[in-house]
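Good morning, everyone, and thank you for making time.

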Amino acid sequence: MSWVGTSWKMNKTLAEARDYATRLAAALSDGAPAGVQPFIIPPATAITTVRDILGPDSPVVLGIQNAHWADAGAWTGEISVPQAADAGARLVEIGHSERREFFAETDETVNLKVKATLAHGLRPLLCVGEPGEVFAAGGSVAHIMAQVAAALDGIDDVSRVLIAYEPIWAIGEHGREARPEDIEAVFAALDAAYGDRVEAILYGGSVNQGNAEETLRVPGVNGLFVGRSAWQVDGYLELLRIAASLA
């Protein structure tokens, strides 16, 4: 199964979210393409709107971009995993490099969030990635494997975990597209250590309709975690089609 999804980050009003979800629901009214599991991660403000439009029988897994490790409490501005589930989320994005850089997330808090997500029956989407200087120095594999090990520390059953390798040098508006040879070693290491233990190992970072196929052909890549090239429904549907053609 190839997981293909997108996070909208801090984008889309309710009206825009409603339009996207309506068009996606219509396009997938007969189900997802064979061999592909779609997922979308709207901003928290739009989760219930998207949930209601997609409906209970939708093939699309709905996610949230962040959640706290505590079930409840005096955590102003935070959302708990139970609250996320109540709003319709079935997947929690955890440890994105933007969260680590700008919101002081650490390996320790990422680990707590993964544990909380699993405890409530949701899927953690664990994001890991190395900065450009680590990549240039040839340290990508060691950096990524250490991040994953720290995030999954103390967790025996990781079968519901998705790992998204998103090199920091490749993400964002000014990221550089990764060539297969740039990511092959990391995926070989991830696949050897976790390929038969986790739900899927995805690649994210300047993924688009032009490079999706070659990325999916890299050994160990089980899907794609996409940014702006999937923020329009037609673009996302094309990525699902590409993934289905290789499934």
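Predicted model: local features only at pLDDT ≥ 70, side-chain atom pairs only at ≥ 80, totals over all residues.

Residues are numbered from 1 along each chain as its sequence is written, and side-chain values use heavy atoms, with hydrogens and water left out.

Helix α1 has 14 residues and reaches 20 Å from its first C-alpha to its last, close to the 20 Å expected, the expected span being 1.5 Å times one less than the number of residues. Which residues of α1 are buried? They are Ala17, Tyr20, Ala21 and Leu24, where buried means under 20% relative accessible area, exposed over 50%, and partly exposed in between, with a 1.4 Å probe and protein chains only. These four cover an arc of only 95° around the axis, which puts them on the same side of α1; the arc is that of the directions from the helix axis to the C-beta atoms. As background, an α-helix has 3.6 residues a turn, so residues three or four places apart point the same way. The buried residues of α1 pack against β1 (2–7), β2 (36–41), α2 (47–54) and α10 (233–246), with contact meaning heavy atoms within 4.5 Å.

Helix α7, residues 140–151, can be read in the same manner. Its 12 residues reach 17 Å from first C-alpha to last, close to the 16 Å expected, and Ser140, Ile144, Gln147, Val148 and Ala151 are buried in α7. They too cover an arc of only 95° around the axis, which puts them on the same side of α7. Among the elements that these buried residues pack against are α4, α5, β5 (123–128) and α8 (180–194).

Now the pockets. On a 1 Å grid over the protein atoms alone, a pocket is an open set of points where a 1.4 Å probe fits, with protein on both sides within 12 Å along at least five of seven lines, and lining residues have an atom within 4 Å of a point. The largest pocket holds about 800 Å³ of space, the volume being the space filled by probe spheres set on the points, which are joined across faces, edges and corners. Of its 31 lining residues, the closest to the centre are Ser7, Lys9, Met10, Gln65 and Glu98. The largest share of that lining, 3 residues, comes from α4. The second largest pocket holds about 240 Å³, and of its 13 lining residues, Gly55, Pro56, Val60, Gly88 and Arg90 lie nearest its centre.

To finish, some single residues. Lys9 lies in the loop between β1 and α1 and has a phi near 55°, a positive value in a residue other than glycine; Lys9 is partly exposed, at 24% relative accessible area. Ala104, in the loop between α4 and α5 (107–119), has a phi near 60°, again positive in a residue other than glycine, and counts as exposed at 59% relative accessibility. Leu239, in contrast, sits in helix α10 and counts as buried at 0% relative accessibility.

Methods: Helix = DSSP H or I, 4+ residues; strand = E, 2+ residues; numbered from the N terminus.
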